[in-house]
Every structure is written in C-alpha cells, then in structure tokens.
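Me: Can you walk me through this one? I'd like to go piece by piece.

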Amino acid sequence: MIYVDTSVIVAALDPTDPRREEARKALEFHDNKIVSELVIAELASVLARQYKVLISIKDKLGLDDHMMASMAIILYILKRFNLKYIVVRGFSRTLFGKLYNPMRYAIELTEGLRLKTLDLLHLAYIKAMKEQGLLINTLLTADTDFKNVEKDLQELLRVSIELLTPVSQ
Amino acid sequence: MGSKVVSVRLDDELLKLVDELVRLGVYGSRSEALRDFIRIGARYARQIQMVAEAVNKLFELEKEEGDIPVRLEGALRQLLGERERF
C-alpha cells in the first residue's frame, strides 16, 4: 500500500514542472494508493492560491462559489487517480493533555527525525494509519527531504521512499 | 404545493433536541421543527448533488480537452517552498 504525498498530486497537475509525466505515470501505475486529510487540506490550500484557475473552473462547471469548485476538483483528482482517503481516528492522553493521534506521533517522531513540520505530519499520518492496520510500505513523494532520511524511516516506520525526479536529471 | 405525512423513527437524542427547541419557543411544534431540519438538510444535499455533477463534468472536460482540465502552473515549486518555511 502506498501513501501518496500532496507533492506528487500537485506535480501531476503542474505543466511547468519537469516531474509532471513521471508523477502521472506513478499515479496511474500503482494500485492501493491512499491519502490522508492532510493531503486534502494541502490540496485545498494550493487551489485557493491558484485563484484564477479556480474561478475559471468554477465558471466552466456552473458552480455558485469557489469552495464548491475546490471540493469538486479535489474529488475529481481522488477519483481520477484512484486515491483512497483514509480516516484517521483516535486521541491519546499525553503530558500535554488530550492529543489527536497524528499530532502525538509527530511529536514522538521528532526524537529520531529532523524534518519540517509538514513532512513530519505526513509521516505521523502514515504511523497512525499503520496503527489502524493498514499495510503501508511506500511513501510516494516529490519532496527530497524524505529521501534524505530514508534509512531512518525504514527503521522507524518500515516505509521506503519512492521519489519523483525530474525527467531532465 | 401539496404535502404528505411521512413517518420517521428518530433516536432519543434528536427527539430530545426537537422537544427542547419547541419548549424554548423556537418552533411551534415537533412537525414545524422537523420540517425546518429537513429543509436545512435538503439545501446541503443539493450542494452535494451539484458538486457530484461537477466532478462528472470535469471527466467530460478531460475527454473534450484530451488532458486533465486542472493546470496549476508553478504550484509544486510553491508547495515545496512553503514546506521550507513552515
């Protein structure tokens, strides 16, 4: 099972990025691809900043507002690339009080990994999903920071990294 | 516009809320409260229906244009740059 990072989906939709074709091939080639709510939130955020694109699609689709257009685009992308959204459940008691499990895991992972917050959160979602019984063995990403800590990720999460590289490289 | 009587089974919690709103005078009766709940729900359901139809239209646009009809120029560079700043 493959956890798909937002960067791969965005790469597949970005005509200016040299990784676009590889991203599309990867998304079309692999089965059992999953995403988290963090991927959906990042996609919504990316779309909100591509305001002209969003408004143009909203008008083409005859929708009332850009939020509905954003939801339609995200649902279309999930369906188009056969990406399954997995709901993560659960809270834990911690020294800080009650914490949503992905946040708890993100904090715990800082012990072994030196990563940026959003990268850490994606890994925390993978850990939470694995705790729910999902057999995730690969993280598909265009973010090189994950590749830099692949050995640690193998040890901590038993997950390998599939990194998109630009065609020109 | 005609109307019909429909029997529905409600769980205790929802019925308690309905009765509380009637008691507070927000609604005149259980029927009035439930009609309003359904109207609010129907508005949301119509939005869901519109989004579902829009998803189908995006697939039609892909067929017409021969490519995914969502083009986000420079978006990956922006996303990865944001992660640097986060």
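Me: What covers the buried residues of α5(A)?

Reply: This is a predicted model. In it, the cover over the buried residues of α5(A) includes α1, α3, α4 and β3 of chain A. Helix α2 of chain B is part of that cover too.

Me: Which residues in α5(A) are buried?

Reply: Here they are: A:Ala69, A:Ser70, A:Met71, A:Ala72, A:Ile73, A:Ile74, A:Tyr76, A:Ile77, A:Leu78 and A:Arg80.

Me: How far apart are the end C-alpha atoms of α5(A), and what should the helix span?

Reply: The end C-alpha atoms are 20 Å apart. The helix has 15 residues, so at 1.5 Å a residue it should span 21 Å, and the two values agree.

Me: What comes just after α5(A)?

Reply: A:Asn82 sits there, with a positive phi of about 55°.

Me: Now chain B itself. At what angle do α1 and α2 of chain B pack?

Reply: Helix α1 (residues 12–23) and helix α2 (residues 30–65) of chain B pack at about 115°. Their axes are 9 Å apart.

Me: Is the crossing of α1(B) and α2(B) right-handed or left-handed?

Reply: Right-handed, for α1(B) and α2(B).

Me: Which residues meet there, α1(B) to α2(B)?

Reply: From α1(B), B:Val18, B:Leu21 and B:Val22. They meet B:Arg30, B:Ala33 and B:Leu34 in α2(B). Sorted by class, this contact of α1(B) with α2(B) has 5 nonpolar residues, no polar ones and 1 charged.

Me: New topic, the sheet in chain A. In what order do the strands run?

Reply: The order is β3-β2-β1-β6-β7 in chain A. That makes 5 strands in an open sheet, with parallel pairing. At the edges are β3 (83–85) and β7 (160–163), each pairing on one side only. From one strand to the next, the twist averages 35°.

Me: How many bridges join β6 and β7 of chain A?

Reply: There are 4 bridges between β6 (residues 138–141) and β7(A), in the parallel sense. A:Thr138 is opposite A:Ser160 in β7(A). A:Leu140 has A:Glu162 in β7(A) as its bridge partner.

Me: What about β1 with β6(A)?

Reply: Strand β1 (residues 2–4) of chain A pairs with β6(A) over 3 bridges, again in the parallel sense. There, A:Tyr3 faces A:Leu139 as its opposite in β6(A).

Me: Last one, A:Leu27. Is A:Leu27 buried or exposed, and why?

Reply: Buried, because A:Leu27 has 21 C-beta neighbours inside 10 Å. The cut-off for buried is 20 or more. A:Leu27 belongs to helix α2 (residues 20–29) of chain A.

Me: What does A:Leu27 touch, leaving out residues up to four places away in sequence?

Reply: A:Leu27 touches A:Val8, A:Ala12 and A:Phe81.

Me: And how far is A:Leu27 from A:Thr6?

Reply: C-alpha to C-alpha, A:Leu27 and A:Thr6 are 12 Å apart in space. In sequence, they are 21 residues apart.

Key. Residues are numbered from 1 along each chain as its sequence is written. Chains are lettered from A and ligands numbered from 1 in the order in which they are written. This is a predicted model: local features need pLDDT of at least 70, side-chain atom pairs count only at pLDDT 80 or more; totals for chains, interfaces and linings use all residues. Two strands pair if DSSP finds at least two bridges between them. Helices (H or I, at least four residues) and strands (E, at least two) are DSSP runs, numbered from the N terminus. Axes are lines fitted to C-alpha atoms, for helices over the stretch in contact, and angles run from 0 to 180 degrees between N-to-C directions. A crossing is left-handed if the near helix is turned anticlockwise from the far one by less than a right angle, and right-handed if clockwise. Two residues are in contact if their C-beta atoms, placed from the backbone, lie within 7 Å. Ala, Val, Leu, Ile, Met, Phe, Trp, Tyr, Cys and Pro count as nonpolar, Asp, Glu, Lys and Arg as charged, and the others, Gly among them, as polar. A residue is buried if 20 or more other C-beta atoms lie within 10 Å of its own, exposed if 12 or fewer, and partly exposed in between; C-beta atoms are placed from the backbone. The expected span of a helix is 1.5 Å times one less than its number of residues.
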